[in-house]
Amino acid sequence: MSVDNREWYMAAYASQGVPTSEHLKLRTVSLPVAGDSIPEGHVAVEILWLSVDPYQRTRMTGYRDGLDMTPFDLGQVISTVGIGRIIESKDSKYKKGEIVLGFGFPVGEFCVIPSATITSTIDQMPQNITLPHYLSCFGVAGFAAWVAIEVIGEPKAGSNVFISAAAGGVGMVAGQLARLKGCRVIGSVGSDEKIKLLKDEFGYDDAFNYHKETDFDAALTKYFPNGIDLYLDNVGGKMLDAVLKHVNRHARIPLCGMISQYNKVSTERDSIKNLFNMIGKEVRMEGFMISTYFNRFPDFVKEMEGYLSQGKISFKHNIFNGIGSFLDALGSMFSSSNFGKVIIKVQ
């Protein structure tokens, strides 16, 4: 038995700007999924949900960038974190019909993958938790937020916390985690509608629109008269540079992403001029990759399940329908109109 599988592949590299249909193309291939055509230690999967994340953009340039991720090869199918239903298995650990989560799913409708790609089976879900939550709260975004705030940030009650891209998948979780620790939390977002979202739904103390507050130094002076103790950086560039003028002694700056710089070639990226402040104020700025912290993943899941089941953390998903929507979903992350974690509902 074979299925017609639609999948997105790398047709041409995009060194700058948001990738378009010139760079990413959709093709249909015949994929054998019968048991006798699947190698040992592999499973055939019907893909149900796919995560769309900013880091994917860095693999579309054709060269290794600051995240040190291997670029997609030309002709290679784009990969991501996904959820699917097993339709055939050549591994006794996994049974037909099981719902599984994996960190190396192709951006397509079906796949045959090594069972080692699977990270967990999703069976009985706790109250208030749905499958998309496993790509957001329990996925790359939620785990990145937890590592940044809980592990690297180590917030203390009363700390002044600033989070950029605060209405994105990482930011909305990070702000709520900091609030649960008793911190005062301010976010930067791209619209007044997002300010309302942060304050009304996610418990932020306040937020500002960076399209209106274009003087970041003045904005941070207004919102942080007593300085910044913890800054979760999701955007880099001019915002990071401005934050370095307002940090308190022993401030912590987890570097999660720099989405304002992803679509620029290295020679056009914003320079950081205020690094000198890190010395006198003994600031710790630390980049991180979540793969380094996978040993803490069970701790993260246990804590997050508790928060979600108790209604202490809420979340918003930006869901695109059908595999054909991948290009639009990817582009949405670089638009001020995006709310929440971008996910594709494939089937």
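## Contacts and overall form

In this predicted model, 68% of the contacts between residues at least 6 apart in sequence join residues at least 24 apart. The chain is made up of 9 helices and 15 strands. Its radius of gyration is 21 Å, close to the 20 Å that the globule rule gives for 347 residues, so the chain is as compact as a globular protein of that length. Taken along the principal axes, the box filled by the C-alpha atoms is roughly 65 × 45 × 35 Å.

## Surface and charge

Of the 347 residues, 55% count as buried. The chain exposes about 14,700 Å², and carbon and sulfur atoms supply 50% of that area. Charged side chains number 35 positive and 37 negative. The centres of these two sets lie 3 Å apart.

## Helix α5 and its cover

Helix α5 spans residues 216–223, and its buried residues include Phe216, Ala219, Leu220 and Tyr223. Seen down the helix axis, the buried residues of α5 fall within an arc of 95°, so they line one face of the helix. An α-helix has 3.6 residues a turn, so residues three or four places apart point the same way.

The cover over these buried residues includes both strands and a helix. Among the strands are β8 (160–163), β9 (184–189), β10 (206–209) and β11 (228–232). Helix α6 (237–243) is also part of the cover.

Glu154 is not a glycine, yet it has a positive phi of about 45°. This residue sits in the loop between α2 (140–153) and β8. With a relative accessibility of 37%, Glu154 counts as partly exposed.

Ala165 is likewise not a glycine and has a positive phi, here of about 50°. The loop that holds Ala165 runs between β8 and α3 (169–180). Ala165 is partly exposed, its relative accessible area being 27%.

Gly84 belongs to strand β4, which covers residues 79–89. Its relative accessible area is 0%, so Gly84 is buried. Beyond its neighbours within four places in sequence, Gly84 is in contact with Val45, Glu46, Ile47 and Leu48, and also with Glu98, Ile99, Val100 and Phe105. Of these contacts, Val45, Glu46, Ile47 and Leu48 fall in the range of β3 (42–51). From Gly84 to Ile195 the C-alpha separation is 34 Å, for 111 residues along the sequence.

Asp91 lies in the loop between β4 and β5 (99–106). Asp91 and Phe216 are 125 residues apart in sequence, and their C-alpha atoms are 54 Å apart in space. Phe216 is one of the buried residues of α5.

Pro54 is found in the loop between β3 (42–51) and α1 (55–58). Its relative accessible area of 28% makes Pro54 partly exposed.

Definitions and conventions:
Residues numbered from 1 in each chain as written. Predicted model: local features only at pLDDT ≥ 70, side-chain atom pairs only at ≥ 80, totals over all residues. Heavy atoms only, no water. Helix = DSSP H or I, 4+ residues; strand = E, 2+ residues; numbered from the N terminus. Rg over C-alpha atoms; globule rule 2.2 N^0.38 Å. Buried < 20%, exposed > 50% of the residue type's maximum accessible area, 1.4 Å probe, protein only. Contact = heavy atoms within 4.5 Å. Areas by Shrake-Rupley, 256 points an atom, 1.4 Å probe, with all protein chains shown as cover. Lys, Arg positive; Asp, Glu negative; His and termini not counted. Charge placed at Lys NZ, Arg CZ, Asp CG, Glu CD. Arc of directions from axis to C-beta.
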